[in-house]
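Here is a short briefing to read alongside the model. Have the sequence and the fold open as you go through the points below.

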Amino acid sequence: MRLPNGGYRQRTRFNVVDSDGTAILYYESLSGGTRLTRNMCAPLKRPYVLVDARQMSEAEAVAAVTAFVETNGVQALNVAGPRASKWRQGHAFSLAVVGGVIQYRRMNGIPSGS
């Protein structure tokens, strides 16, 4: 989405509002835009799950996000996390987690978007 008069704060807010819930993937501590995302969820009354890759394996993270999606009836999931310069392994971790959630839903006959 192009926001001619807005920056990452406005984009982050739209991402939170336009989704049914947010999975926040991070390593060790929340900072910058990742912390902003978490801080926007509560006042906007949007559910979120925190996934600290330092504390969880990929399999545990998949289970946590899957449970979150099912419990909250999430159809549109916002996935947030630090930029690559802040967490180099974050891209691979995020792909594994989101891919695992999609695979779980397919294996259990749950169509995407429901």
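With which residue does E28 form a salt bridge? The partner is R54, and the closest N and O atoms of the pair are 2.6 Å apart. Before the details, please note that this is a predicted model, in which local features need pLDDT of at least 70 and side-chain atom pairs count only at pLDDT 80 or more, while totals for chains, interfaces and linings use all residues. Residues are numbered from 1 along each chain as its sequence is written, and side-chain values use heavy atoms, with hydrogens and water left out.

**The salt bridge**

- A search of the whole structure finds one salt bridge (a side-chain nitrogen of Lys or Arg within 4 Å of a carboxyl oxygen of Asp or Glu).
- E28 sits in the loop between β1 (21-26) and α2, and R54 in the loop between β2 (48-52) and α3 (58-72), so the pair ties together parts that are 26 residues apart in sequence.
- Helices (H or I, at least four residues) and strands (E, at least two) are DSSP runs, numbered from the N terminus.
- E28 counts as partly exposed at 47% relative accessibility, and R54 counts as partly exposed at 48%.
- On this scale, buried means under 20% relative accessible area, exposed over 50% and partly exposed in between (1.4 Å probe, protein chains only).

**Positive phi angles**

- E28 also has a positive phi, near 80 degrees, in a residue other than glycine.
- K45, not a glycine either, has a positive phi of about 55 degrees.
- K45 lies in the loop between α2 and β2, and counts as exposed at 71% relative accessibility.

**The largest pocket**

- The largest pocket has a volume of about 430 Å³.
- Of the 17 residues that line the largest pocket, Y8, G33, T34, G81 and R83 are the closest to its centre.
- A pocket here is an open set of points on a 1 Å grid over the protein atoms alone, where a 1.4 Å probe fits, with protein on both sides within 12 Å along at least five of seven lines; lining residues have an atom within 4 Å of a point.
- Grid points are joined across faces, edges and corners, and a volume is the space filled by probe spheres set on the points.
- Two or more lining residues come from each of α1 (8-17), α2 (32-41) and β3, with α1 giving the largest share, five residues.

**R83**

- R83 is placed in the loop between β3 (77-80) and α4 (90-107), and is exposed, with a relative accessible area of 60%.
- R83 and R105 are 22 residues apart in sequence and 27 Å apart in space, C-alpha to C-alpha.
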